[in-house]
Amino acid sequence: MGFQSLVLIIIVLLVSAATNQAIPVDINDPHVINVATFAVTEYSKHNTEANLIFEKVTNGVSDVTENGTNYRLTLSANDGSTSNNFSAIVLENPADNFTLTAFALIPHA
């Protein structure tokens with residue numbers, strides 16, 4: 001499942017990059033941190049085995065679409081014993097509501 005999720009995220013990233021102009025985000029911006037924290041919290045809510053704690057954003061881009069702003073972030077989260085990197089895609093619609101559209105562990109090389 002992890003590999004399939006990663007492939008799906010890569011496809012979504014490629015399609016998004018081909019159709020929209022992605023803009024790098026400031027990884028220290030409080031709003032970007034809020035988006036990333038939402039992604040980790042939402043993922044943990046729906047995956048009771050995960051119990052992740054957000055650590056930091058390491059990279060990311062955003063692009064504006066007709067549905068809102070897509071944030072494609074690479075972030076670090078801890079499961080209580082180990083830190084790992086994850087890829088997350090969050091849609092922020094004009095009403096300031098977030099929707100987690102993808103979240104996957106980035107495998108170690």
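Reader: Hi! Which side chain does Ser-83 join in a polar contact of 2.7 Å?
Author: That partner is Glu-55: the side chains of Ser-83 and Glu-55 are joined by a polar contact of 2.7 Å. Keep in mind that this is a predicted model.

Reader: Good to know. What about the side chain of Asn-78, how far is its polar contact with Ser-83?
Author: The side chains of Ser-83 and Asn-78 make a polar contact at 3.3 Å. Leaving out residues up to four places away in sequence, Ser-83 touches Glu-55, Ser-76, Ala-77 and Asn-78.

Reader: Where does Ser-83 sit, then?
Author: Ser-83 is in strand S4, which covers residues 83-92.

Reader: And is Ser-83 exposed or partly exposed?
Author: Ser-83 counts as partly exposed, because its relative accessibility is 36%.

Reader: Thanks! New topic: how many salt bridges does a search of the whole structure find?
Author: The search finds two salt bridges. One of them is between the side chains of Lys-45 and Glu-42, at 3.2 Å from N to O.

Reader: How are Lys-45 and Glu-42 placed in helix H2?
Author: They are three residues apart in helix H2 (residues 30-46), so about one helical turn separates Lys-45 and Glu-42.

Reader: Are those two buried or exposed?
Author: One of each! Lys-45 is exposed, with a relative accessible area of 56%, whereas Glu-42 is buried at 18%.

Reader: Which residue forms a salt bridge with Asp-63?
Author: That is Arg-72, and the closest N and O atoms of the pair are 2.3 Å apart. Both Asp-63 and Arg-72 are buried.

Reader: How accessible are Tyr-43 and Phe-103?
Author: Tyr-43 counts as partly exposed at 25% relative accessibility, while Phe-103 counts as buried at 10%.

Reader: Last one: which residues form one aromatic cluster?
Author: Tyr-43, Phe-86 and Phe-103 form that cluster.

Notes:
Residues are numbered from 1 along each chain as its sequence is written. This is a predicted model: local features need pLDDT of at least 70, side-chain atom pairs count only at pLDDT 80 or more; totals for chains, interfaces and linings use all residues. Side-chain values use heavy atoms; hydrogens and water are left out. Helices (H or I, at least four residues) and strands (E, at least two) are DSSP runs, numbered from the N terminus. Buried means under 20% relative accessible area, exposed over 50%, partly exposed in between (1.4 Å probe, protein chains only). Contact means heavy atoms within 4.5 Å. A polar contact is a pair of N or O atoms within 3.5 Å; within protein, one must be able to donate a hydrogen and the other to accept it, and residues adjacent in sequence count only if both atoms are side-chain atoms. A salt bridge is a side-chain nitrogen of Lys or Arg within 4 Å of a carboxyl oxygen of Asp or Glu. Rings of Phe, Tyr and Trp (its six-membered ring) pair if their centres lie within 6.5 Å; planes under 30 degrees apart count as stacked, over 60 as edge-to-face and the rest as tilted.
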